[in-house]
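Try each task yourself before you read its solution.

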Amino acid sequence: MKSIKDLEEIRKRTYDTINLRKDQPGTRVVVGMATCGIAAGARPVLLAIMDEIKKNELADVVVAQTGCIGMCRLEPIVEVYKPGEEKVTYVKMNASKAIRVVNEHVMKGKIVQEYTVGAEEN
Amino acid sequence: MKELSLHILDIIQNSIAAKASLITINIVEDLTTDVFSIEVIDNGQGMDKELAERIKDPFITGRKTRKVGLGVPLLYIACTRCQGNLEIQSDKGKGTKVIAWFKHSHIDRAPLGNMIDTIIAIVIGNPEIDIIYNHRINENEFNFDTREIKHILGEVPINEPQVISWIKGFLEEGLNSLNGGARI
Ligand SMILES: Nc1ncnc2c1ncn2[C@@H]1O[C@H](COP(=O)(O)OP(=O)(O)OP(=O)(O)O)[C@@H](O)[C@H]1O
Ligand SMILES: [Mg+2]
């Protein structure tokens with residue numbers, strides 16, 4: 001049974017790392033969650049990103065969500081904001097593409113050009 | 001949408017857009033009366049009665065990036081196709097209640113699908129919003145409340161990956177036993 005005691009343990013275990021992190025600007029990964037995004041598969045994309053963050057213990061990355069980005073045809077859409085860098089917009093995402101974006105862009109700083117909105121429009 | 005849980009995720013997005021701080025999801029599956037009902041209740045900014053009536057019609061929307069809202073009309077169509085209906089009660093400044101129901105056994109009713117993923121997705125993206133999720137199947141009920149979890153966590157954010165894993169496990173166990181031990 002998942003107990004409250006387990007949750008207490010998690011609190012104790014993570015408390016210190018959280019205080020360390022507070023003052024560092026991290027990467028924000030934002031998933032579009034309007035109707036068009038959800039219908040196109042935004043939910044598995046968001047969950048895959050979270051799983052990859054956990055797997056790689058990325059302490060300075062947050063996942064957020066937003067409403068309509070205004071490009072329904074290109075959903076699911078993921079935006080990556082790295083501190084001091086321009087926003088990168090990835091389109092027509094799925095879980096495996098999202099994992100690649102976390103591994104290459106979020107973790108190593110290498111933009112996955114072929115999934116970007118720029119590549120799609122050309 | 002292929003799953004009712006995706007409609008729920010989508011209807012909750014409206015509550016988030018309306019700046020709700022507390023969202024309650026009530027699901028009731030009653031096989032005696034053959035009703036499957038879903039309520040999403042929020043304390044967001046609400047809308048006036050007239051808009052609340054009109055948004056089932058797909059050519060009305062309050063927002064500017066695109067002319068038509070899709071979320072509510074899609075759910076409305078899904079309900080009416082299954083001998084059910086959709087009702088929206090809203091009080092401007094107070095909040096909104098969306099009630100959707102279906103004939104449980106209707107052949108066109110989409111399966112509920114993965115409620116765990118829906119709840120987890122909301123919590124990950126909106127750690128500051130509180131979520132209450134009550135699910136009843138006949139006389140068995142499962143309850144989940146992020147306020148209780150946050151109370152234990154103190155300063156640790158609810159969207160910490162390890163906390164998310166715990167919540168996922170908690171929901172899995174709760175919903176499995178709700179379904180009579182059968183895997184969902
Ligand atoms: N819970 C709510 N609180 C306040 N206003 C709401 C709520 N739900 C719906 N509305 C209003 O009804 C409109 C239509 O909602 P609907 O979900 O159909 O479309 P949308 O959210 O505008 O776009 P889409 O769902 O296609 O992304 C919203 O734009 C909003 O003005
Ligand atoms: Mg909507």
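**Exercise 1.** In which loop of chain A is A:Pro76 found?

*Solution.* Before we start, some ground rules: this is a predicted model, where local features need pLDDT of at least 70, side-chain atom pairs count only at pLDDT 80 or more, and totals for chains, interfaces and linings use all residues. Residues are numbered from 1 along each chain as its sequence is written, chains are lettered from A in the order in which they are written, and side-chain values use heavy atoms, with hydrogens and water left out.

Now find A:Pro76: it sits in the loop between β2 and β3 (78-81) of chain A. Strands here are DSSP E runs of at least two residues, helices are H or I runs of at least four, and both are numbered from the N terminus. Next, look at the peptide bond from A:Glu75 to A:Pro76: it is cis, with omega near -10 degrees. As background, most peptide bonds are trans.

**Exercise 2.** Describe the surroundings of A:Ala40.

*Solution.* Start with the element: A:Ala40 belongs to helix α2 of chain A. Then check its contacts (heavy atoms within 4.5 Å). Leaving out residues up to four places away in sequence, A:Ala40 touches A:Glu75 and A:Pro76, the two residues joined by that cis bond. Is A:Ala40 buried, partly exposed or exposed? Buried means under 20% relative accessible area, exposed over 50%, and partly exposed in between (1.4 Å probe, protein chains only). A:Ala40 has 39%, so it's partly exposed. Finally, compare sequence with space: A:Ala40 and A:Glu8 are 32 residues apart in sequence and 37 Å apart from C-alpha to C-alpha.

**Exercise 3.** Work out how chain A and chain B meet.

*Solution.* Count residues to begin with: 33 of chain A are in contact with 40 of chain B. Now the area. About 3200 Å² is buried between the two chains, and carbon and sulfur atoms give 66% of that. Buried area is the accessible area (1.4 Å probe) that two parts lose on being put together, summed over both. A:Lys2, A:Leu7 and A:Arg43 supply 22% of what chain A buries against chain B, more than any other three residues.

How many salt bridges does the rule find across this interface? A salt bridge needs a side-chain nitrogen of Lys or Arg within 4 Å of a carboxyl oxygen of Asp or Glu. The rule finds 1 between chain A and chain B, and the side chains of B:Glu3 and A:Arg43 form a salt bridge at 2.8 Å, N to O.

**Exercise 4.** How far can you trust chain A?

*Solution.* Chain A has a mean of 91, and 94% of its residues reach 70 or more.

Notes:
pLDDT is the predictor's confidence in each residue, from 0 to 100.
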